[in-house]
Protein chains: 2
Amino acid sequence: MTHDQIFKALADPTRRTIFERLATSGHNASELREGLSISQPAMSQHLAVLRAAGLVREQRQGRFVNYEVDPDGLASIGEWLAKYRAYWPARIDDLKTLLKDMDQ
Amino acid sequence: MTHDQIFKALADPTRRTIFERLATSGHNASELREGLSISQPAMSQHLAVLRAAGLVREQRQGRFVNYEVDPDGLASIGEWLAKYRAYWPARIDDLKTLLKDMDQ
DNA sequence: CAATGAAATAAGTCCGTGCTTATGTATCTG
DNA sequence: CAGATACATAAGCACGGACTTATTTCATTG
């Protein structure tokens, strides 16, 4: 769950698509393949990378394995980003507004 | 300046080191090489990737080219991250505190 | 206008990684 | 227990990208 693993995991467009799909709701590996023209092993490998990075976590349910976003990975990016917030003072207000919206 | 370029740029540990060094203060390409055991062209190529991603911007000063953090790239990560903030409600307060601290 | 020095580009090599097919493991069901 | 289904692992291939050395571009300075 290092920053290296996280950024490498998100550097692949297919994995970002998977991750963004999981952000909507949890899915098992087969469901995640729908629309993406990749083999079953390819999906399994992508999920392994995302899991190792702490971006996604699994939950076995019988024959299926349900995947969902792992908040830890996101928080880790947030912490990395926080170190450089000094560089976007002009946008802080936007972010504040966004956080306020999310409170409701 | 797509998310793809940004994440790919930050996926390389050498480029993250360069970026983090620039976050401290601006440097020219030669200064950035100090400590890193890579060739001059390698640094030039890394800077080109970071620049294309919008993470860094250049400013020619005579024979030297000074590089500094470009807030646009960081803001772009922030926006990407914001889409998934729903997944770390427990940490929103921490972030708020951080933003409040930065106001002063 | 040489000569020097900083940085970018060219060209080529090597390794990591994302893909594939084939096979193995795990769980449910008849 | 046999078969089917979901997923993981193995092994190999092919391409991208991070490096290198060599060369070019650009600006300064004698």
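**A note on the strands and the DNA surface**

1. Let's begin with chain A. Strand S2 (residues 56-61) and strand S3 (residues 64-69) of chain A run antiparallel and are joined by six bridges. Here strands are DSSP runs of E with at least two residues, helices are runs of H or I with at least four, and both are numbered from the N terminus; two strands pair if DSSP finds at least two bridges between them. Within this pair, Arg57(A) stands opposite Glu68(A) in S3(A). The two strands form a hairpin with two residues between them, and Gly62(A) in the turn has a positive phi of about 65°.

2. A word on what you are looking at: this is a predicted model, in which local features need pLDDT of at least 70 and side-chain atom pairs count only at pLDDT 80 or more, while totals for chains, interfaces and linings use all residues. Residues are numbered from 1 along each chain as its sequence is written, chains are lettered from A and ligands numbered from 1 in the order in which they are written, and side-chain values use heavy atoms, leaving out hydrogens and water.

3. Now turn to chain B, where three strands make an open sheet in the order S1-S3-S2, with antiparallel pairing. Strand S1 (27-28) and strand S2 (56-61) of chain B are at the edges with a single partner strand each, so one side of each has no neighbour in the sheet. Two bridges link S1(B) to strand S3 (residues 64-69) of chain B, and His27(B) has Tyr67(B) as its bridge partner in S3(B). Helix H2 (residues 13-24) of chain B packs on this sheet, touching S1, S2 and S3 of chain B, and its direction makes about 90° with that of S3(B). Touching means heavy atoms within 4.5 Å; the axes are lines fitted to C-alpha atoms, for helices over the stretch in contact, with angles from 0 to 180 degrees between N-to-C directions.

4. Which residues are closest to DNA strand D? Among the 27 residues that surround it, they are Ser30(A), Ser44(A), Tyr67(A), Ser39(B) and His46(B). A residue is near the strand if one of its heavy atoms lies within 4 Å of it. H4(A) gives the most to this surface, with five residues.

5. Finally, look at single polar contacts (pairs of N or O atoms within 3.5 Å). An N or O atom in the side chain of Gln40(A) is 2.8 Å from a base nitrogen of DNA strand D. For Gln45(B), a polar side-chain atom lies 3.2 Å from a base oxygen of DNA strand D.

Conventions:
A polar contact is a pair of N or O atoms within 3.5 Å; within protein, one must be able to donate a hydrogen and the other to accept it, and residues adjacent in sequence count only if both atoms are side-chain atoms.
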